[in-house]
Amino acid sequence: MTRVFNFSAGPATLPVDVLQQVQDELLDWQGTGMSVMEMSHRGKAFVSIAEQATETLKTLLNVPDNYKILWMQGGATGQFSAVPMNLLRGRDTADYVVTGSWGKKAVKEAARYCSAQTVARPVDDKFTHVPDRDDWTLNPEAAYVHYTPNETIEGVEFPDVPDVGDVPLVADFSSTFLSRPIDVGRFGMIYAGAQKNLGPAGVTIVIVRDDLIGDVLPQTPTVLDYAKVADGESMLNTPPCFTWYVCGLVLQWIQRQGGLKAMAARNAAKAGKLYAFIDASGYYRNPVKPEHRSWMNVPFTLPDAALDADFLKGAEAAGLSTLKGHRSVGGMRASLYNAMPEAGVDALVDYMKEFAKKNG
Ligand code: PMP
């Protein structure tokens with residue numbers, strides 16, 4: 001068996017320990033004589049798997065008791081609609097801070113349901129930094145303020161949680177969920193697709209404060225109604241059971257690594273190493289302002305885009321997979337999620353050094 005270092009932005013690399021456990025348990029989950037894929041979601045076995053995963057997540061993130069943890073479907077993209085449907089609560093306007101491509105999509109979708117205002121966005125859509133907080137034109141009457149803590153495509157990450165006063169803060173954590181501790185109490189709601197730091201694609205985590213739910217737009221589909229999903233224990237309809245189970249194993253793996261503080265230290269070290277190399281190389285370039293650089297997604301360019309194909313071919317041959325940048329920004333992108341070991345970053349830096357020497 002040969003496993004590559006997989007730098008995909010998502011679905012992304014998973015911890016080998018977890019994949020091995022899945023393999024061990026695949027045909028017979030803990031003496032039930034069946035795999036998790038084959039179980040009724042209403043049965044005792046799966047209900048215990050689901051509850052344990054929720055409990056582990058609650059512990060890891062230190063989620064306060066007045067928040068609901070929901071396992072939903074439809075991806076973060078589904079939440080672009082679910083957020084306004086659930087959180088407008090009689091108001092007709094919401095504020096969006098746009099720092100990259102996903103924030104742009106979120107505000108566009110919200111505009112179908114309300115007056116969605118872009119209250120901060122870099123000039124010319126040059127998504128290489130977070131606009132200065134003093135320049136955001138927040139509306140105190142907005143139902144919520146939405147932002148994207150980490151923009152997966154541009155590699156722009158907020159270094160801390162912005163202060164937006166009393167208006168509920170809503171965050172699309174998809175690509176930086178569980179990469180470091182967060183103070184959930186600062187948020188009205190957070191959401192994240194699973195397929196980066198949490199597990200395989202198929203579930204979307206929603207963590208929402210109790211007082212914000214229960215007054216949805218009339219056309220809200222039942223499966224997107226947070227209060228109903230909470231009442232139904234995230235099983236209004238058949239959940240993606242296997243994904244939920246694997247997420248639970250990944251959460252236990254994070255605990256075994258020392259929790260989110262340990263994850264943060266590892267992630268800072270991995271990203272720091274790659275950025276330091278890029279900056280010192282005089283060959284590769286990352287355009288993002290240093291204090292807003294993502295720990296999770298590191299885009300970089302070569303001096304000449306004509307070299308990209310060669311770079312990627314050589315990388316694949318060296319066991320470094322899926323480094324092509326998003327088509328909208330070009331160049332390369334190395335995603336360094338929790339499950340990417342430091343050895344993967346070392347191997348990437350070694351390859352980049354060699355390539356620059358040969359082609360520089
Ligand atoms: N938001 C962010 C920040 C993302 O990275 C992604 C997926 N890459 C999405 C939203 C969309 O997620 P999904 O495909 O789960 O709908």
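Predicted model: local features only at pLDDT ≥ 70, side-chain atom pairs only at ≥ 80, totals over all residues.

Biologist: Where do Asp279 and Arg293 sit in the chain?

Modeller: Asp279 is in helix H7, residues 259–281. Arg293 is in the loop between H7 and strand E11 (297–300). They are 14 residues apart, and the pair links distant parts of the chain.

Biologist: Is Arg293 buried or exposed?

Modeller: Arg293 is buried, with a relative accessible area of 12%. The cut-off for buried is under 20%. Asp279 is partly exposed, at 47%.

Biologist: How many salt bridges does the structure hold?

Modeller: It holds 14. One of them pairs Arg180 with Glu157, with the closest N and O atoms 3.0 Å apart.

Biologist: What does the Arg180 and Glu157 pair link?

Modeller: Distant parts of the chain, 23 residues apart. Glu157 belongs to strand E7, residues 156–157. Arg180 lies in the loop between strand E8 (169–172) and strand E9 (189–193).

Biologist: And are Arg180 and Glu157 buried or exposed?

Modeller: Both Arg180 and Glu157 are buried.

Biologist: What about Glu109 and Arg112?

Modeller: Their side chains meet in a salt bridge too, at 2.9 Å, N to O. Glu109 is partly exposed, with a relative accessible area of 22%. Arg112 is exposed, at 57%.

Biologist: OK, switching to the ligand. Which pocket does the ligand sit in?

Modeller: The second largest pocket. There, 13 residues surround the ligand. The closest are Thr77, Thr152, Asp172, Gln195 and Lys196.

Biologist: Which helix gives the most to the shell around the ligand?

Modeller: Helix H3, residues 75–87, with four residues.

Biologist: What does the side chain of Asp172 do there?

Modeller: An N or O atom in the Asp172 side chain is 2.6 Å from a nitrogen atom of the ligand.

Biologist: And the ligand's oxygen atoms? What lies by them, say from Ala76 or Trp102?

Modeller: From Ala76, a backbone N or O atom lies 3.2 Å from a ligand oxygen. From Trp102, a side-chain N or O atom is 3.5 Å from a ligand oxygen.

Biologist: How much of the ligand does the protein bury?

Modeller: The protein buries 84% of the 400 Å² that the ligand exposes when taken alone.

Key
Residues numbered from 1 in each chain as written. Heavy atoms only, no water. Salt bridge = Lys/Arg side-chain N within 4 Å of Asp/Glu carboxyl O. Buried < 20%, exposed > 50% of the residue type's maximum accessible area, 1.4 Å probe, protein only. Helix = DSSP H or I, 4+ residues; strand = E, 2+ residues; numbered from the N terminus. Near = heavy atom within 4 Å. Polar contact = N/O pair within 3.5 Å; in protein donor to acceptor, adjacent residues only side chain to side chain. Areas by Shrake-Rupley, 256 points an atom, 1.4 Å probe, with all protein chains shown as cover. 1 Å grid on protein atoms, 1.4 Å probe; cavity = no way out; pocket = protein on both sides within 12 Å on 5 of 7 lines; lining within 4 Å. Sits in = over half its atoms within 2 Å of the grid points.
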